[in-house]
Amino acid sequence: MTVPGRVRLFHTVLGPADAPTLLLVHGWGGDGREWSPHAEALADHFRVIVPDLRGHGRSEVPAGGNTPSEMAADLAALIVALGTGPVIAVGHSMGGQVANLLGVHHPHTVRSVISLDPAHGAHGAEVDRIPARLAEYREGCARAAASFVAGAFSPKARRDCGPRTCAPCSEYRTT
C-alpha cells in the first residue's frame, strides 16, 4: 500500500476486522516473515498487521530517510490508511525501537507498545553508516537471488528435474 507522502509498504493483514489490532514489527535486516508463526497463531483472537519496514523485504527502498523515525512515520500512515488504530505495537530488536518511536511521535495510533530486545544503541558513526549497510544488504540479497536463479534454472538443472512438469523450465517432461 502506498500512502501519499510515504513509501510503499508491503504488509499482511490477518484475523477478524472487529478484534483488537496487533502490529508486529520486525528487526534490522529482516522482514515480516519473521513473524509468520506468531501471526498465524494470534490471528484467531486479534487483527494482525505484519509490515515489511521501508528498505526491507518487499517494501520500497528509498534512496534516503531510512531511519527508525521515518519507519515509525510510515507505520503511523499505514495504520491510519487501514483504519485499524489504535494498535498494540509489538517490535523486536530495531522493530522495538521503531514501535517505541511510533508510540512517542504518533500516540494517536498506539494503544500500547511491547518492545522485545529493543535496539536503541546506535549513535555517531554507526548511525551515519546505516544507509551504506542497508545498500550492502540489498546488494548481497540481489547477488544471492541471481546465483540461485542461475543455478536452479540452468540447462543442467533442467535435465536433472526428473519426471515432473516444471513450469519455470519451459520444458515439459513426462519421463
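In this predicted model, D52 and R58 are joined by a salt bridge between their side chains, with N and O 3.3 Å apart. D52 is buried, because its relative accessibility is 1%. R58, at 35% relative accessibility, counts as partly exposed.

A second salt bridge pairs the side chains of D74 and R54, at 2.6 Å from N to O. This pair links distant parts of the chain. D74 sits in helix α2, whereas R54 lies in the loop between β3 (47–51) and α2, and 20 residues separate the two. D74 and R54 are both buried.

R33 and D31 form another salt bridge. Their closest N and O atoms are 2.5 Å apart. R33 has 51% relative accessibility and therefore counts as exposed, the cut-off being over 50%. D31, in contrast, is buried at 10% relative accessibility. In total, the model contains six salt bridges.

Helix α2 also takes part in a helix–helix contact. Two packed helices are described by the angle between their axes and the distance between the axes. For α2 and α3, the axes come within 8 Å and cross at roughly 65°. The crossing of α2 past α3 is right-handed. On the α2 side, the contact is made by P68, S69, M71, A72, L75, A76 and I79. On the α3 side, the residues are M94, Q97, V98, L101 and L102. By class, this contact of α2 with α3 comprises 10 nonpolar residues and two polar ones, with no charged residues.

Helix α3 covers residues 94–105. Its 12 residues, at 1.5 Å a residue, should span 16 Å. The buried residues of α3 are M94, G95, G96, Q97, V98, A99, L101 and L102. Several elements cover these buried residues, including the helix α2 (68–82). Strands β2 (21–25), β4 (87–92) and β5 (110–116) are also among the covering elements. M94, Q97, V98, L101 and L102 of α3, which are buried, are also the residues that meet α2.

Backbone geometry was examined next. Most residues other than glycine have a negative phi, and most peptide bonds are trans. The peptide bond between G85 and P86 is cis, with omega about -5°. P86 is placed in the loop between α2 and β4. S93, although not a glycine, has a positive phi of about 55°. This residue belongs to the loop between β4 and α3. D117 is likewise not a glycine, yet its phi is positive, at about 50°. D117 is located in the loop between β5 and α4 (125–128). With 61% relative accessibility, D117 counts as exposed, because the threshold is over 50%.

Conventions:
Residues are numbered from 1 along each chain as its sequence is written. This is a predicted model: local features need pLDDT of at least 70, side-chain atom pairs count only at pLDDT 80 or more; totals for chains, interfaces and linings use all residues. Side-chain values use heavy atoms; hydrogens and water are left out. Helices (H or I, at least four residues) and strands (E, at least two) are DSSP runs, numbered from the N terminus. The expected span of a helix is 1.5 Å times one less than its number of residues. Buried means under 20% relative accessible area, exposed over 50%, partly exposed in between (1.4 Å probe, protein chains only). Contact means heavy atoms within 4.5 Å. Axes are lines fitted to C-alpha atoms, for helices over the stretch in contact, and angles run from 0 to 180 degrees between N-to-C directions. A crossing is left-handed if the near helix is turned anticlockwise from the far one by less than a right angle, and right-handed if clockwise. Ala, Val, Leu, Ile, Met, Phe, Trp, Tyr, Cys and Pro count as nonpolar, Asp, Glu, Lys and Arg as charged, and the others, Gly among them, as polar. A salt bridge is a side-chain nitrogen of Lys or Arg within 4 Å of a carboxyl oxygen of Asp or Glu.
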